[in-house]
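Subject: Structure handover and salt bridges

Hello,

Here is the structure for you to look at. My notes on its salt bridges follow below.

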There are 2 protein chains.
Amino acid sequence: MAYNASRQPDVSGLTVGIIGGTGDQGRGLACRFARAGQTVLIGSRSAERAVQAAEEIAVMPGVPSGATVTGGDNDEVARRSDVVVIAVPWDGHAATVAALAQPLAGKIVIDCVNPLGFDKQGPYALLVAEGSAAQQAAGLLPDSRVCAAFNHVSAPLLADPEIDRIDLDVLICTEDRELVDVVGALAARIPGMRGVYAGRLRNAHQIEAFAANLIAINKRYKSHAGIRVTDV
Amino acid sequence: MAYNASRQPDVSGLTVGIIGGTGDQGRGLACRFARAGQTVLIGSRSAERAVQAAEEIAVMPGVPSGATVTGGDNDEVARRSDVVVIAVPWDGHAATVAALAQPLAGKIVIDCVNPLGFDKQGPYALLVAEGSAAQQAAGLLPDSRVCAAFNHVSAPLLADPEIDRIDLDVLICTEDRELVDVVGALAARIPGMRGVYAGRLRNAHQIEAFAANLIAINKRYKSHAGIRVTDV
């Protein structure tokens with residue numbers, strides 16, 4: 001079937017939690033979901049920092065005045081959310097995800113972590129024993145519904161209150177077809193974004209690794225590049 | 001600098017050779033370069049099959065009547081071309097490339113090979129000892145100028161004479177900045193295509209592997225998908 005935004009489920013009532021919501025990527029996604037009118041929970045190891053970030057986001061230009069953006073520690077956020085975005089640094093990924101296995105049981109988990117290394121020549125993809133960050137999360141969260149998505153969104157664009165529209169496709173890798181519809185609908189809540197199914201979890205590695213290419217593209221063209229899938 | 005098509009070099013006089021020019025991908029690229037007015041040499045292990053493919057392409061709708069499309073064995077094509085596209089099956093890649101090291105010395109080599117495996121669950125990226133097909137080629141061709149490019153072009157679209165325009169970006173990975181301009185200009189000879197620098201050769205793996213995702217996308221959306229880079 002062709003891409004059809006009108007067939008997407010209504011996700012406006014879902015509470016979206018962001019684990020690592022005080023980092024650049026997590027905070028940026030929290031801003032966009034808050035602007036879209038989702039109830040957003042910011043998670044952090046420190047509940048205090050999460051509450052502070054939530055208070056800042058709630059008053060940002062573009063966020064509706066009645067928006068519900070609150071903060072808490074990662075465990076509380078995992079428990080209270082319907083959909084949980086994992087947006088932590090790669091070096092804390094396994095430990096953070098493993099510790100949340102119980103509160104994340106039955107939940108939708110979106111992993112947007114890109115395992116990258118950096119040296120004098122710039123960014124490069126790290127080898128991951130499980131194949132990808134998303135596969136690592138899926139292994140650690142056997143009772144959750146896990147996908148890779150939102151790997152290519154530019155944190156500076158997400159956080160820029162002047163920008164109303166971000167034109168890119170959110171590539172979604174998962175074994176769970178119904179999940180594609182839900183996560184695709186969430187992506188489409190952000191003006192300019194579409195969610196596009198992009199294969200099974202075993203093909204998530206190259207999507208995560210492509211973040212290294214996007215960094216190279218951004219350096220060369222002074223851009224905040226994303227991907228649009230053509231003919232879909 | 002931003003992407004700027006007007007600053008591209010004139011590549012209209014370059015002879016483009018296709019190693020593996022009788023396969024789907026190679027033949028499709030040969031069609032498009034012939035339509036664009038490049039002198040095209042089709043290479044194959046069998047000179048006879050190459051000559052036959054060249055004769056068929058020369059009379060295809062859209063190919064100018066004065067177009068020069070000829071065929072020969074891979075060695076001859078490598079010698080007589082300015083730019084050589086490697087479009088052979090992955091399982092013959094190393095042997096074919098290694099055998100052409102001498103005739104390819106000093107030449108521009110574009111590797112568009114995607115090392116994929118297939119099983120009941122569909123396509124997946126193969127692990128490559130050198131990192132990627134392009135890195136393998138670069139290692140085997142120390143005297144050539146090697147890049148990865150044209151990894152995501154759809155063979156059915158390339159070969160369809162009814163299609164005048166193919167909207168996608170050709171991602172180019174290489175250490176050689178000047179090569180980006182030449183290969184980018186060649187890509188831009190095909191209406192709808194742009195060549196976009198996408199990082200060093202060490203980041204070519206994920207671009208090759210992404211072909212598996214494109215196959216999954218095509219299956220799901222009944223498309224011939226490619227990538228467009230946004231904000232470039």
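Start with R165(A) and D167(A). Their side chains form a salt bridge, at 3.1 Å from N to O. Please keep in mind that this is a predicted model. D167(A) is partly exposed, with a relative accessibility of 34%.

Next, go to R228(A) and D169(A). These side chains also meet in a salt bridge, with 2.6 Å from N to O. R228(A) sits in strand β11 (residues 226-230) of chain A and D169(A) in strand β9 (residues 168-172) of chain A, so this pair ties together parts that are 59 residues apart in sequence. Is D169(A) buried or exposed? D169(A) is buried, at 1% relative accessible area. The cut-off for buried is under 20%.

These contacts belong together. R165(A), D167(A), D169(A), R194(A) and R228(A) form one network, joined by salt bridges that share partners.

Now look across the chains. D119(A) makes a salt bridge with R202(B), and their closest N and O atoms are 2.8 Å apart.

Best wishes

Methods:
Residues are numbered from 1 along each chain as its sequence is written. Chains are lettered from A and ligands numbered from 1 in the order in which they are written. This is a predicted model: local features need pLDDT of at least 70, side-chain atom pairs count only at pLDDT 80 or more; totals for chains, interfaces and linings use all residues. Side-chain values use heavy atoms; hydrogens and water are left out. A salt bridge is a side-chain nitrogen of Lys or Arg within 4 Å of a carboxyl oxygen of Asp or Glu. Buried means under 20% relative accessible area, exposed over 50%, partly exposed in between (1.4 Å probe, protein chains only). Helices (H or I, at least four residues) and strands (E, at least two) are DSSP runs, numbered from the N terminus.
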